[in-house]
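I am opening my notebook to look through a structure, one topic at a time. Come along and check each entry against the view.

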Amino acid sequence: MHKNFKNIDKVCYGRGSFSQLGDILQTKRGENDGFIVFIVDNYFEGKELVNKLPLQDNDELLFIDVDPKEPTTEQVDEIRDKVLNKKGLPDGVVGIGGGSIMDIAKALSLMFTNEGSSTLYQGLNLVKKPGIYHLGIPTISGTGAECSMTAVLTGPEKKLGLKCDWTVFNQLILDPDLTTSVPRNQWFYTGMDTYIHCIESETGIFYNAFSKAYGEESLKLCREVFLGDHAGQNPENDEKLMIASLFGGLSLTYSEVGVCHALSYGLSKIFGYKHGFANCVAFNHLEDYYGEAVQEFKSMVERFNIKLPQGLSAGWSDEEITAMAEVAYNLPHMWTHALGYEWKDKITLKDIENLYRRL
Ligand code: NAD
Ligand code: ZN
């Protein structure tokens, strides 16, 4: 079966494109109970961007703290209940922030129309009804959450996305100017998410011409941003990394992530490590799976003087290592991509525990 991929409906790209938000929303106003919910990363509270939001009287502006933990099912359910009880059904949801806010906005859009807890919908095509109009404005580049079909949430039992066609944003505004303030370490970790997406996408059985076209272009841009003569955070690279993130995400859409992301999910679920950081911690030790790419990754780490923690596993209990390995083992699509359909003959829970012991 070939994937039948749902793309974003509309994309507005370019420095300064944020100023078009008001006009874009105007066409959606009045579709439900006459207000828009703005979900904004609390980094922007009190900043210039908030003054430029096209807020109307009845709109709801919510600042969300995405640190230190990743978005949860409980958090999404709470926001949904609060808004529905206070004002009814919004005309749309606008998410402004990094991958965490993208996922919260996507999940909220679905949860406004689907009853019960979001835990019921963690998985593929479990969502029953289309959500409400949702618009994403990323302020960090790298996760690909702006274009993916999944809204990743951590629930009491699992870290898993609400994945279906309706999850995908109706509209993106990609304004690289919004990413200039990202602190350097965060810029690196989230940027590396894209690099790792592309490497994992190409290292597995689901790789194909579609994934390759987007993945190769994304990798080329990543290399310019993180290794080239003009590497570093600057306006030109902000533009490049934003497109690298989008293309990396599109590459994955038709392929898969692999060993690194499986391990990363375990680190996030058990220790709450942020996604980009967790990927870097794992990828650094996966030379036998990703070969020269790990060397290249290390040269980028060195170039930006990033201090990745070493010897982490010495501080973990056997129970914690087993718990992480179980989270990773339960992501069969990633292992299938990386090792083939017979992956269970090639790797065991114990082997995965040993991968964690390398970190
Ligand atoms: P993030 O959204 O968690 O934000 C990281 C930090 O950067 C926060 O402190 C935030 O306040 C700050 N920040 C955001 N924008 C800023 C700006 N412009 N200037 C200064 N600070 C800013 O980081 P992320 O790496 O973009 O997202 C990670 C999340 O994305 C994880 O929850 C992960 O599960 C999710 N994710 C989802 C997908 C998907 O396909 N849905 C893919 C990859 C990752
Ligand atoms: Zn990722």
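**Entry 1: rings**

Which residues do ring pairs link into a cluster? I looked, keeping in mind that this is a predicted model. I found Trp 187, Phe 188, Tyr 189, Phe 226, Phe 271, Tyr 273, Phe 277, Phe 304 and Trp 316 linked by ring pairs into a cluster.

I then searched the whole structure, and the search gave 23 aromatic pairs. One of them joins Tyr 273 and Phe 277, with 5.5 Å centre to centre and 55° between the planes, so I noted the pair as tilted. I also looked up how covered Tyr 273 is: its relative accessible area is 16%, and because that is under 20%, Tyr 273 counts as buried.

Another pair I wrote down is Phe 283 with Tyr 290. Their ring centres are 5.4 Å apart and their planes are 25° apart, which makes this pair stacked. Both partners turned out to be buried: Phe 283 has a relative accessible area of 0%, and Tyr 290 has 6%.

Next I turned to the ligand. I counted 29 residues around ligand 1. Asp 41, Asp 67, Ser 100, Ser 148 and Lys 274 are the ones that come nearest.

I sorted the shell by class and got 10 nonpolar, 11 polar and eight charged residues.

Which elements each supply at least two residues of this shell? My list has helix H4 (99-111), strand E7 (150-154) and helix H5 (184-202). H4 gives the largest share, four residues.

**Entry 2: polar contacts of ligand 1**

I checked a few distances here. An oxygen atom of ligand 1 sits 2.7 Å from a polar backbone atom of Gly 99. With Ser 181 I had to look at the side chain instead: one of its N or O atoms is 2.7 Å from a nitrogen atom of ligand 1.

How much of the ligand's accessible area does the protein cover? On its own, ligand 1 has 870 Å² of accessible area, and the protein covers 93% of that.

**Entry 3: where ligand 1 lies**

Why do I say that ligand 1 lies between two domains? Domain 1 (10-179) and domain 2 (184-357) both give residues to its shell, so the ligand lies between them. That is my last note for today.

Definitions and conventions
Residues numbered from 1 in each chain as written. Chains lettered and ligands numbered in written order. Predicted model: local features only at pLDDT ≥ 70, side-chain atom pairs only at ≥ 80, totals over all residues. Heavy atoms only, no water. Near = heavy atom within 4 Å. Polar contact = N/O pair within 3.5 Å; in protein donor to acceptor, adjacent residues only side chain to side chain. Areas by Shrake-Rupley, 256 points an atom, 1.4 Å probe, with all protein chains shown as cover. Nonpolar A, V, L, I, M, F, W, Y, C, P; charged D, E, K, R; others polar. Domains from an automatic or database assignment. Phe/Tyr/Trp six-rings, centres within 6.5 Å; stacked < 30°, edge-to-face > 60°. Buried < 20%, exposed > 50% of the residue type's maximum accessible area, 1.4 Å probe, protein only.
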